[in-house]
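I opened a new notebook page for this structure.

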Amino acid sequence: MASGTALIYDEEMTTHKLLWSDPICDIEVPERLSSSYEQLRSYHLVERCVHVPAREGSEEEILLVHSLEHLEVAKSTQTMNEEELKRVSENYDAFFFHPSTYRCARLAVGATLQLVDAVMSGKVRNGMALVRPPGHHSQRNAANGFCLFNNVAIAAEYAKLKYGLQRILIVDWDVHHGQGTQYIFEEDPSVLYFSWHRYEHQEFWPSLKESDYDAVGLGKGKGFNINLPWNKVGMGNSDYLAAFFHVLLPTAFEFDPELVIVSSGYDSGIGDPEGQMNATPEVFAHLTHFLMQLANGKLCVILEGGYHLKSLGESVCMTVKTLLGDPVPQVSGEMAPCLSAVESIQNVRAAHKPYWKWLAYEDTSFLQNLSTKSHFLKTANSNPSTEHESKITNNNDTVKVDRFLELHMKNILFPVPPIKTATTGCEGSEHFLSEHVQLVKEMDKTEVEALVSGFYADLVKDNKTLLSLGSMFVILDKILKKEVCNGIATSPTAALSAAVALRHSVRLGFQRVLCVFVGDMQMIPNTEDGKMLIINICEKEQSGKTSCKHYFSLNWKEDAEGNDFFSAVLGFILPVAYSYQPNLTVIAVGPNRNLGISGISLLVALIQGLAESRIFAVIEDTEISLMQNVAKLLVGASTPAFGIYVPPTQEKVNRIKALRDQFQQEWKMLQCSGDIFI
Ligand SMILES: CC(O)(O)NCCCCNCCCN
Ligand SMILES: [Zn+2]
């Protein structure tokens with residue numbers, strides 16, 4: 001199992017710079033790289049990474065994507081004077097040459113390929129390359145938008161050639177559309193390109209018709225190009241997360257990539273003069289965390305844009321911290337996507353319905369009754385917010401943004417607990433013990449009896465249960481005190497342990513405890529006060545208990561062939577959980593679980609993004625191998641193997657959709673599709 005995070009940075013890439021005045025290009029400054037690197041050092045993140053040196057991309061590697069003519073023009077600029085440089089630059093839309101541009105662009109390509117090699121060879125699990133000039137606008141025969149060579153596109157072609165890869169996912173979260181990358185892979189089904197971008201109905205640069213949601217790819221590449229246009233500025237954390245839950249992640253898990261490359265532009269973050277968006281740096285920790293669950297963790301993050309130095313630096317640090325496996329900080333802001341974002345999400349889903357199994361049964365009937373949509377817009381009352389209130393009046397006030405970020409990040413960068421996981425030394429734990437795992441001593445009987453409130457006392461029949469409850473209390477205490485990040489225990493009666501754990505956690509002071517219970521829950525605590533939110537994944541409806549705002553009974557029978565649980569986790573559980581914003585997550589697996597180990601692993605892996613990764617897992621003590629899988633995930637030692645992808649049946653899609661329709665006003669992260677227009 002590969003581990004470690006590579007960081008690639010070479011100061012020489014700061015020599016490329018603008019020699020004349022040009023209000024369009026003057027934001028792409030060398031300090032973008034040096035200040036990001038300095039910020040990483042200030043958070044002691046550089047020393048935690050594996051240093052991999054950059055190198056020059058070879059001409060042959062550049063010709064994987066670009067024409068010989070393009071290469072020759074770039075090469076010829078090395079010896080030009082300012083006058084000539086200016087003239088050549090004017091041949092392109094928003095690009096400038098410097099005598100060292102060619103050298104820097106080759107280093108940017110080489111750094112990217114070094115990262116691909118380090119990840120594909122298993123030297124590291126993942127990594128980040130801090131490069132400039134960026135790449136995603138450059139095309140076969142043209143520089144564009146500050147980009148000379150398309151670093152990420154070359155990396156994808158390189159990985160296909162050298163490692164025989166057949167499925168590569170490129171995620172482009174830069175605020176501009178990477179039209180260069182789109183053109184290069186438009187007909188290529190082996191490269192799935194996803195981009196969101198400021199669009200404003202084609203008003204925003206590069207103002208292309210083919211940047212809209214209906215550009216789905218050409219020929220054999222149909223379905224493998226996904227454009228998510230933002231038609232308003234001010235998009236925030238909830239919009240970005242909704243785009244992942246309801247568009248990117250379900251597609252990505254169905255595609256099942258062998259490698260994930262991120263065109264990581266941070267101009268989609270708050271304060272950026274280009275993006276004018278509202279998303280705060282910690283959202284990139286969540287986006288990174290989600291992508292780390294794909295391709296067995298093989299993730300290469302390559303810098304693209306980002307022009308507000310403080311916002312850029314903080315977002316780079318959030319990305320690298322997450323790549324290193326640190327707990328994911330709580331995402332800030334109201335968890336409610338705006339109407340414009342939901343419209344875009346819904347349009348992309350409709351455009352891609354013909355190409356992806358997970359969308360086969362999603363209804364896009366709203367397209368027929370668009371007339372009601374205009375009606376809805378007029379009469380809308382409890383609809384999603386049409387505009388996000390902007391935290392910053394305008395992103396151009398750099399000092400104001402600096403101050404906002406100073407305060408905002410202060411309470412986010414918590415110290416990482418030295419020990420990641422606590423366990424009770426239960427059966428099978430010897431397999432995963434390491435310096436990251438702490439054995440907790442058991443509590444003595446009298447102490448436990450005192451803690452087990454009267455309500456449950458009579459249920460605690462035997463000694464074994466009492467002891468398992470005892471160690472559970474110790475673990476919960478350590479999690480609360482942030483001595484550990486998460487914990488795992490086995491129990492002879494997981495249902496009882498879960499119920500006691502929930503009550504104890506609330507008594508310890510956790511305000512919102514999320515409980516995901518797999519199997520027969522038997523006893524269901526009262527969730528009226530909203531201090532708990534329970535999602536019970538069971539085979540059949542529990543004794544007449546119907547779903548309500550804080551209790552969901554999600555009937556699911558695992559599919560014999562493989563793992564069909566993606567649509568439930570991505571389309572329902574995560575959106576509800578993120579809307580709820582728990583400060584502790586309890587995952588419990590009871591007797592006769594109705595989910596496969598890979599479905600439960602998916603759940604545990606993705607839900608770690610919540611509650612600052614504070615998770616308490618309690619597993620029925622008959623489930624030894626499940627317990628080991630979950631423990632390895634909590635320790636961060638492995639990325640889950642999701643087994644065979646099985647698309648959801650119509651019946652299961654309808655069940656999720658019914659729950660979504662019923663609760664999307666309470667839990668707004670569920671909003672994604674047509675029905676809000678009816
Ligand atoms: C890497 C990147 O995506 O951040 N490059 C952004 C280029 C922005 C060019 N703006 C031209 C405006 C013309 N009116
Ligand atoms: Zn950009």
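Which residues of the largest nonpolar core touch the most other members? I looked that up before anything else. The model is predicted, and I kept that in mind throughout. The largest nonpolar core has 174 residues, and Leu291 and Ile537 touch the most other members.

I then listed the contacts of Ile537, leaving aside its neighbours within four places in sequence.

Next entry: the ligand.

I looked up the residues around ligand 1 and found 14. His136, His137, Gly145, Asp267 and Tyr307 come nearest. By class, the shell divides into six nonpolar, five polar and three charged residues.

I checked the polar atoms at ligand 1 one by one. A polar side-chain atom of Tyr307 is 2.5 Å from an oxygen atom of ligand 1. For Asp267, a polar side-chain atom lies 2.9 Å from an oxygen atom of the ligand. Gly145 uses its backbone: a polar atom there is 3.1 Å from a nitrogen atom of ligand 1. I then looked up the areas. Ligand 1 taken alone exposes 430 Å², and the protein buries 83% of that.

Last entry: the cysteines.

How many disulfides does a search of the whole structure find? I got zero. Cys104 is in no disulfide, and the nearest cysteine sulfur, that of Cys147, is 14 Å away. Cys104 counts as buried, at 0% relative accessibility. Cys548 is in no disulfide either, with the nearest cysteine sulfur, that of Cys538, 14 Å away. Cys548 is partly exposed, and its relative accessible area is 27%.

Methods: Residues are numbered from 1 along each chain as its sequence is written. Chains are lettered from A and ligands numbered from 1 in the order in which they are written. This is a predicted model: local features need pLDDT of at least 70, side-chain atom pairs count only at pLDDT 80 or more; totals for chains, interfaces and linings use all residues. Side-chain values use heavy atoms; hydrogens and water are left out. A residue is near a molecule or strand if one of its heavy atoms lies within 4 Å of it. A polar contact is a pair of N or O atoms within 3.5 Å; within protein, one must be able to donate a hydrogen and the other to accept it, and residues adjacent in sequence count only if both atoms are side-chain atoms. Accessible areas come from the Shrake-Rupley method with a 1.4 Å probe; for residues, only the protein chains shown count as cover. Ala, Val, Leu, Ile, Met, Phe, Trp, Tyr, Cys and Pro count as nonpolar, Asp, Glu, Lys and Arg as charged, and the others, Gly among them, as polar. A disulfide is a pair of cysteine sulfur atoms within 2.5 Å. Buried means under 20% relative accessible area, exposed over 50%, partly exposed in between (1.4 Å probe, protein chains only). A nonpolar core is a set of buried Ala, Val, Leu, Ile, Met, Phe, Trp, Tyr and Cys residues joined through side-chain atoms within 4.5 Å. Contact means heavy atoms within 4.5 Å.
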